[in-house]
Amino acid sequence: NKENTGFSKANNQALQLVKGEYILYLNPDTIVPEDFFVKCISFLDKKPAVGAIGVQMIDGQGRFLKESKRGFPTLWASFTRLFGLTGLFPHSKRFAKYYLGHLERNATHEVEALSGACLMVKKEVLDKTGGFDERFFMYAEDIDLSFRIHQSGYKNVYLADTTIIHFKGQSTTK
């Protein structure tokens, strides 16, 4: 595009051109390991109920990025996050619901919401749910898509078996 049409619209344009069985949404400020595709596709091949996966993400300093696994931003999850309860009780199932702090980061789990920075979705699932909602220019479109995948009866899974580096925020400066 000659102008920035936003994350959702640009990715939907690409979705119209692809023919693969799996679609990977991957931010340009990421580095994937050599075994990334083998692990992700192998997992999805074995799990017909899974519609999408996200993986463990770390920043350039090696710190775990909490948005790798998230709950939906319900009123309670948003309240606890905004008012600092999540920070006070980062591993609580009750107070750290948005970042699912009670779930072990080194184990694979079914989750509610995945990050658009690294999101692999079965094409058949996108055919049913549609791509990203273009009313979202950037941010929260991944939560919306995760919600629609979940509503369609598929599972969203955080796959801990592989890790990518995400230089968070770098793609927004370009």
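Analyst: **The pocket and its surroundings**

The second largest pocket has a volume of about 240 Å³. Of its 13 lining residues, K66, K69, P90, H91 and G101 are the closest to its centre. The model is predicted, so local features need pLDDT of at least 70 and side-chain atom pairs count only at pLDDT 80 or more, while totals for chains, interfaces and linings use all residues. Residues are numbered from 1 along each chain as its sequence is written, and side-chain values use heavy atoms, with hydrogens and water left out.

How is a pocket found? Rolling a probe the size of a water molecule over the atoms shows where empty space is left. Here a 1 Å grid is laid over the protein atoms alone; a pocket is an open set of points where a 1.4 Å probe fits, with protein on both sides within 12 Å along at least five of seven lines, and a lining residue has an atom within 4 Å of a point. The volume is the space filled by probe spheres set on the points, which are joined across faces, edges and corners.

Now some single residues. L100 sits in the loop between α4 (85-88) and β4. Helices (H or I, at least four residues) and strands (E, at least two) are DSSP runs, numbered from the N terminus. L100 is not a glycine, yet its phi is positive, about 45°. It counts as buried because its relative accessibility is 6%. Buried means under 20% relative accessible area, exposed over 50%, and partly exposed in between, with a 1.4 Å probe and protein chains only.

Next comes E112, in the loop between β4 (109-111) and β5. E112 is partly exposed, because its relative accessible area is 23%. Apart from residues up to four places away in sequence, it touches R70, G71, F72, K97, S146 and N156; contact means heavy atoms within 4.5 Å. A polar atom of the E112 side chain lies 2.6 Å from the backbone nitrogen of F72. Y98 is 14 residues from E112 along the chain, and their C-alpha atoms are 9.4 Å apart.

Turn to the inside. In soluble globular proteins, nonpolar side chains tend to be buried together. A nonpolar core is a set of buried Ala, Val, Leu, Ile, Met, Phe, Trp, Tyr and Cys residues joined through side-chain atoms within 4.5 Å. The largest one here has 20 residues, and Y25, L119, V121, L126 and I149 have the most contacts inside it. Two or more residues each come from α1 (7-15), β1 (22-26), β5 (118-122), α5 (123-129), α6 (141-151) and β6 (155-166). A second, separate core has 16 residues, including Y22, L44, V50 and V157.

L119 shows what such packing involves. Beyond its neighbours within four places in sequence, L119 is in contact with I23, L24, Y25, A52, I53, L114, F132 and L145.

Which residues of α6 are buried? They are E141, D142, I143, D144, L145, S146 and I149. Their cover includes α1, β3 (50-58), β5, α5 and β6. After α6 comes G153, with a positive phi near 95°.

K123 lies in α5. It counts as buried because its relative accessible area is 18%. The K123 side chain makes a polar contact of 2.8 Å with the side chain of D127. A polar contact is a pair of N or O atoms within 3.5 Å; within protein, one must be able to donate a hydrogen and the other to accept it, and residues adjacent in sequence count only if both atoms are side-chain atoms.

H166 is in strand β6. At 6% relative accessibility, H166 is buried. Its side chain makes a polar contact of 3.2 Å with the side chain of D29. G60 is in the loop between β3 and α3 (75-82). It is partly exposed, at 46% relative accessibility. Sequence neighbours within four places aside, G60 is in contact with I165, H166 and F167. From G60 to G153 is 93 residues in sequence and 35 Å in space, C-alpha to C-alpha.
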